[in-house]
Amino acid sequence: MSEREFEERGVLIRRGWRQLTTAGRVRVAEGRLTLLNSHGSEIDSAPLSEVRVGEPWYAPRGCVRAVLGRTAYLLRLGPARARAVAEAAHRARG
């Protein structure tokens, strides 16, 4: 198994207005972006070629909008870590 390019714990994950977990994980590894709940179960996963990640103008600093396939998620990380997840996804894709 290759080394992970990025992993962040303690992430609030929302889908629409619904809060899925307050202590989730975001992982970028082996060409995939994976969202996990606090127990380590997979919420969603997609190849990086099908993922769009960015910092939306309408959300507070530290939030990232990740679209996996057709499903959009809002991830709340620290402000510095929000940029790091977006960069890791773009770096791993290329």
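The structure is a predicted model, in which local features need pLDDT of at least 70, side-chain atom pairs count only at pLDDT 80 or more, and totals for chains, interfaces and linings use all residues. Residues are numbered from 1 along each chain as its sequence is written, and side-chain values use heavy atoms, with hydrogens and water left out.

**Overall architecture**

The protein chain contains 1 helix and 7 strands, arranged along the sequence as β-β-β-β-β-β-β-α. These elements are DSSP runs numbered from the N terminus, with helices (H or I) of at least four residues and strands (E) of at least two. The radius of gyration, taken over C-alpha atoms, is compared with a globule rule of 2.2 Å times the number of residues to the power 0.38. For 94 residues a compact globule would have a value near 12 Å, and the protein chain agrees with 12 Å. Along the principal axes, the C-alpha atoms fill a box of roughly 35 × 30 × 25 Å.

With contact defined as heavy atoms within 4.5 Å, residues 24 or more positions apart account for 32% of the contacts with a separation of 6 or more.

**The largest pocket**

A pocket is an open set of points on a 1 Å grid over the protein atoms alone, where a 1.4 Å probe fits and protein lies on both sides within 12 Å along at least five of seven lines; lining residues have an atom within 4 Å of a point. The largest pocket holds about 170 Å³ of space, the volume being that filled by probe spheres set on grid points joined across faces, edges and corners. Its lining consists of Arg14, Arg15, Gly16, Trp17, Tyr58, Arg65, Ala72, Tyr73 and Leu74. Strands β1 (6–15) and β7 (71–76) each supply at least two lining residues, and β7 gives the largest share, with 3 residues.

By class, the lining has 5 nonpolar, 1 polar and 3 charged residues. Here Ala, Val, Leu, Ile, Met, Phe, Trp, Tyr, Cys and Pro count as nonpolar, Asp, Glu, Lys and Arg as charged, and the others, Gly among them, as polar.

**The aromatic pair**

Rings of Phe, Tyr and Trp (its six-membered ring) pair if their centres lie within 6.5 Å; planes under 30 degrees apart are stacked, over 60 edge-to-face and the rest tilted. The count by this rule is 1 aromatic pair. The ring centres of Trp57 and Tyr58 are 5.6 Å apart and their planes stand at 90°, so the pair is edge-to-face. Tyr58 also belongs to the lining of the largest pocket.

| Residue | Relative accessibility | Class |
|---|---|---|
| Trp57 | 79% | exposed |
| Tyr58 | 49% | partly exposed |
| Glu42 | 53% | exposed |

**Selected strand and loop residues**

Thr22 lies in strand β2 (residues 18–29). Apart from neighbours within four places in sequence, Thr22 contacts Gly10, Val11 and Leu12. Its C-alpha atom is 16 Å from that of Pro60, 38 residues away along the chain.

Glu30 is in the loop between β2 and β3 (32–36). Although not a glycine, Glu30 has a positive phi of about 50°. Most residues other than glycine have a negative phi.

Glu42 is placed in strand β4 (residues 42–47). With neighbours within four places set aside, Glu42 is in contact with Thr34, Leu35 and Leu36. The C-alpha atoms of Glu42 and Arg25, 17 residues apart along the chain, are separated by 9.4 Å.

Note on methods:
Buried means under 20% relative accessible area, exposed over 50%, partly exposed in between (1.4 Å probe, protein chains only).
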